[in-house]
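Visitor: I have a structure open and would like a walk through it. Can we start with how you name the pieces?

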Amino acid sequence: METYSAFLAGIAIGITSSFLVKSNKMKDIKCLFDIVLKKRDSCKMVFVVRNDLNMSKGKVAAQCSHAAILCYDKAVKQAPETLRRWNLEGQAKIVVKLDGGEKELQDISEKATSLNIINMTVRDAGLTQVARGTATVLGIGPAPARLIDLASGHLKLM
């Protein structure tokens with residue numbers, strides 16, 4: 001089984017590296033090599049949605065999109081290597097629900113901050129379903145999955 005995994009990893013790296021070499025992205029090749037062969041912890045981004053606000057599916061999607069952009073922008077400046085890994089791995093994004101209110105959302109944000117994980121709270125503009133300034137979604141990451149799970153792993157998928 002180990003040989004089969006190494007064989008598949010070699011094929012994946014070969015295909016990807018030929019594309020990346022043409023793009024002059026040697027750092028990406030090294031990062032991909034580290035991810036596949038060293039079996040590093042994968043990265044993800046998590047969106048913690050306040051379930052108590054009863055937002056429509058479209059509103060939730062919009063708020064998660066805001067969180068993704070905020071987290072991405074922060075990662076560009078503060079965690080470019082993690083962002084590169086997350087991009088190469090396929091940009092995993094998970095949406096979970098929080099049955100508590102804003103205080104619990106803030107507690108999760110503080111836990112993520114204490115773990116040195118990028119996190120951003122989306123506050124609504126108040127134009128549609130919720131009051132202006134309401135914290136709707138907490139974006140966490142991108143960061144190693146095991147770290148994010150320490151902050152939000154207890155929450156259920158939406």
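Guide: Helices are DSSP runs of H or I with at least four residues, strands are runs of E with at least two, and both are numbered from the N terminus. This is a predicted model, where local features need pLDDT of at least 70, side-chain atom pairs count only at pLDDT 80 or more, and totals for chains, interfaces and linings use all residues. Residues are numbered from 1 along each chain as its sequence is written, and side-chain values use heavy atoms, with hydrogens and water left out.

Visitor: How many helices and strands does the protein chain have?

Guide: The protein chain has six helices and five strands. Read from the N terminus, the order is α-α-β-α-α-β-α-β-β-α-β.

Visitor: What share of the residues is buried?

Guide: Of the 158 residues in the protein chain, 37% are buried. Buried means under 20% relative accessible area, exposed means over 50%, and partly exposed is in between, with a 1.4 Å probe and protein chains only.

Visitor: And the accessible surface of the chain, what does that come to?

Guide: About 9,200 Å², with 57% of it belonging to carbon and sulfur atoms. The areas come from the Shrake-Rupley method with a 1.4 Å probe, and for residues only the protein chains shown count as cover.

Visitor: What about contacts between residues 24 or more positions apart?

Guide: Such pairs account for 73% of the contacts with a separation of 6 or more in the protein chain. Contact means heavy atoms within 4.5 Å.

Visitor: Which residues touch the most other members of the largest nonpolar core?

Guide: F47, V49, C64 and V137 do, in a core of 17 residues. At least two residues of this core come from each of β1 (43-50), α3 (57-78) and α4 (80-88). The most come from α3, which gives five. A nonpolar core here is a set of buried Ala, Val, Leu, Ile, Met, Phe, Trp, Tyr and Cys residues joined through side-chain atoms within 4.5 Å.

Visitor: What is V137 in contact with?

Guide: Leaving aside neighbours within four places in sequence, V137 contacts F47, V48, V49, Q63, C64, A67, L105, M120, T121 and V122. Apart from that core lies another one, of 15 residues, including I108, L138, I140 and L155.

Visitor: How far is A62 from V137?

Guide: They are 10.0 Å apart, C-alpha to C-alpha, and 75 residues apart in sequence. A62 sits in helix α3 and is partly exposed, at 32% relative accessibility.

Visitor: On to S152. Buried or exposed?

Guide: S152 is buried, with a relative accessible area of 4%. This serine belongs to helix α6, residues 145-152. Beyond neighbours within four places in sequence, S152 contacts V46, V48 and I140.

Visitor: And where is T134?

Guide: T134 is in the loop between β3 (119-123) and β4 (135-144). T134 is buried, at 14% relative accessible area.

Visitor: New topic: how much space lies in the largest pocket?

Guide: About 200 Å³. Its lining has 14 residues, and A79, L115, N116, I117 and I118 are those nearest the centre. Two or more lining residues come from each of α3 and β4, and β4 gives the most, with three.

Visitor: How do you define a pocket and its volume?

Guide: On a 1 Å grid over the protein atoms alone, a pocket is an open set of points with protein on both sides within 12 Å along at least five of seven lines, and lining residues have an atom within 4 Å of a point. Points are joined across faces, edges and corners, and the volume is the space filled by probe spheres set on them.

Visitor: What is the phi of N116?

Guide: About 65°, a positive value although N116 is not a glycine. N116 lies in the loop between α5 (102-114) and β3 and counts as exposed, at 73% relative accessibility. Q91 also has a positive phi, near 55°. Q91 is in the loop between α4 and β2 (93-98), and is partly exposed at 29% relative accessible area.

Definitions and conventions: On a 1 Å grid over the protein atoms alone, a cavity is a set of points where a 1.4 Å probe fits but cannot get out, and a pocket is an open set with protein on both sides within 12 Å along at least five of seven lines; lining residues have an atom within 4 Å of a point.
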